[in-house]
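Welcome! Here is a short tour of one structure, meant for someone meeting it for the first time. Take a look at it below, and then we will walk through its parts together.

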Amino acid sequence: MKEYSVGIDMGGTNIKVGLFDRDYNELAHCQSLTDKELDADSLLDQLAQQVRQVLAMNDLTMDEVRGVGAAFPSFIDYERGVVVETSNILALNDLPARDMLQKRLGVPVYLDNDANVAAIAEQRFGAGKDLGDFIYCTISTGIGGALVLNGKIYRGRHGMAGEIGHMLISDSTGYTCSCGAVGCVQSISSGRHMARYAMDRIKEGDDSRILDYAGTMTDIDLVAVGRAFVSNDPLALEVVNRGAEYLGRMFHSLNMIFDINRFIYGGGVTKLGSRFIDRIVAAYRHYSLLDQKYPARFLPAALGDSAGIIGAALLVPEE
């Protein structure tokens with residue numbers, strides 16, 4: 001019986017690969033920077049090489065691996081194993097990545113998007129392990145999500161369910177998103193666009209300590225916003241509260257659609273802390289008709305940066 005599985009978490013910045021035993025103990029791990037300039041073949045060659053690297057760390061071969069799971073930051077056609085579209089790594093667009101990687105490794109490969117695999121990991125080992133239904137949301141440079149219904153990931157007809165960051169919540173607010181829309185929650189409340197809003201306000205003449213923390217206008221990011229937020233800088237408070245308001249509206253809409261009020265959240269933007277989360281919850285409750293009768297629970301993700309490779313490994317059937 002083959003005892004091992006491998007999880008790949010391909011991000012826009014880093015590629016992480018982990019080797020796991022049947023109890024999902026991590027036996028080896030390697031990480032490298034994502035080279036967005038590589039062509040598709042070179043990129044998949046790199047992934048295959050890193051898989052072999054983590055096996056070599058434990059004196060194992062592919063013959064002892066029952067499968068490899070891979071998470072990509074992309075729209076994934078799960079049934080066909082095709083990367084339909086990605087904004088981070090353009091060489092992957094319209095790529096049959098599952099079959100191409102399977103050919104290189106000689107073992108079954110399972111492909112899904114990064115939010116789905118993180119939700120799978122949280123369901124098995126993290127904040128969602130006692131929940132049959134929940135909505136997972138990662139609030140970072142972008143906003144991603146996953147739906148767990150009746151204990152299973154719901155992928156939809158084309159494998160693209162759960163892209164909650166592209167839910168339209170305004171017809172007049174926000175920047176143009178990578179999806180092409182203005183007014184989706186990602187165009188307003190993602191880390192990238194919260195920082196951009198702060199920058200634009202300062203360019204228009206608003207005085208703020210955000211610029212002091214950033215150093216230069218072009219270096220304004222959410223870290224600088226967060227530092228100013230801690231010191232109660234008025235513009236930073238507005239930026240963070242604005243982002244939280246629209247996230248609260250998004251969670252309310254999701255509850256109205258699915259009748260699910262268990263939300264697991266993670267991602268770099270949540271490091272703004274409890275005041276940010278409390279503002280999201282307050283906005284949700286302001287709009288919710290049923291929260292007094294059926295109070296929502298907002299739960300921090302438990303697995304942090306490990307969720308991607310654990311969830312990817314969990315894509316491999318346990319036999």
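## A first look

Five strands make up an open sheet in the order β10-β9-β8-β11-β12, and its pairing is mixed. Two strands count as paired if DSSP finds at least two bridges between them, and helices (H or I, at least four residues) and strands (E, at least two) are DSSP runs numbered from the N terminus. Please keep in mind that this is a predicted model, in which local features need pLDDT of at least 70 and side-chain atom pairs count only at pLDDT 80 or more, while totals for chains, interfaces and linings use all residues. Residues are numbered from 1 along each chain as its sequence is written, and side-chain values use heavy atoms, with hydrogens and water left out.

**The sheet from β10 to β12**

- At the edges stand β10 (152-153) and β12, each of which pairs on one side only.
- β8 and β9 run antiparallel and are joined by 6 bridges; Tyr136 has Ala146 of β9 opposite to it.
- Helix α3 packs on this sheet and touches β8, β9 and β10, with its direction at about 50 degrees to that of β9. Contact here means heavy atoms within 4.5 Å; axes are lines fitted to C-alpha atoms, for helices over the stretch in contact, and angles run from 0 to 180 degrees between N-to-C directions.
- Helix α9 (residues 274-287) lies across β8, β11 and β12, and runs at about 160 degrees to β12.

**The sheet from β3 to β7**

- Another open sheet has 5 strands in the order β3-β2-β1-β4-β7, with mixed pairing.
- Why is one side of β3 and of β7 left without a neighbour in the sheet? β3 (26-33) and β7 (109-113) stand at the edges with a single partner strand each, so one side of each has no neighbour there.
- On average, neighbouring strands of this sheet are turned by 15 degrees against each other, direction ignored.
- β1 pairs with strand β4 (residues 65-72) in the parallel sense over 6 bridges, and Tyr4 stands opposite Val65 in β4.
- Helix α2 (residues 97-105) lies across β1, β4 and β7, at about 145 degrees to β7.
- α3 packs on this sheet too, touching β4 and β7, and its direction makes about 100 degrees with that of β7.

**A hairpin**

- Strands β5 (residues 75-77) and β6 (residues 82-85) run antiparallel, joined by 3 bridges.
- The bridge partner of Ile76 in β6 is Val83.
- The hairpin of β5 and β6 has 4 residues between the strands, and Gly81 takes a positive phi near 70 degrees in it.

**Pockets**

- The largest pocket has a volume of about 1,600 Å³. On a 1 Å grid over the protein atoms alone, a pocket is an open set of points where a 1.4 Å probe fits, with protein on both sides within 12 Å along at least five of seven lines, and lining residues have an atom within 4 Å of a point. Grid points are joined across faces, edges and corners, and a volume is the space filled by probe spheres set on the points.
- The largest pocket is lined by 49 residues, and those closest to its centre are Pro73, Asp114, Thr138, Ser140 and Thr141.
- Which element gives the largest share of the lining of the largest pocket? That is α3, with 5 residues.
- The second largest pocket holds about 300 Å³ of space.
- Its lining has 15 residues, with Leu222, Val223, Gly268, Val269 and Lys271 nearest the centre of the second largest pocket.
- α7 supplies the largest share of the lining of the second largest pocket, 5 residues.

**Aromatic pairs**

- The whole structure has 6 aromatic pairs. Rings of Phe, Tyr and Trp (its six-membered ring) pair if their centres lie within 6.5 Å; planes under 30 degrees apart count as stacked, over 60 as edge-to-face and the rest as tilted.
- The ring centres of Phe263 and Phe298 are 4.9 Å apart and the planes stand at 35 degrees, so this pair is tilted.
- Phe263 lies in strand β11 and Phe298 in strand β12 (residues 297-300), so the pair ties together parts 35 residues apart in sequence.
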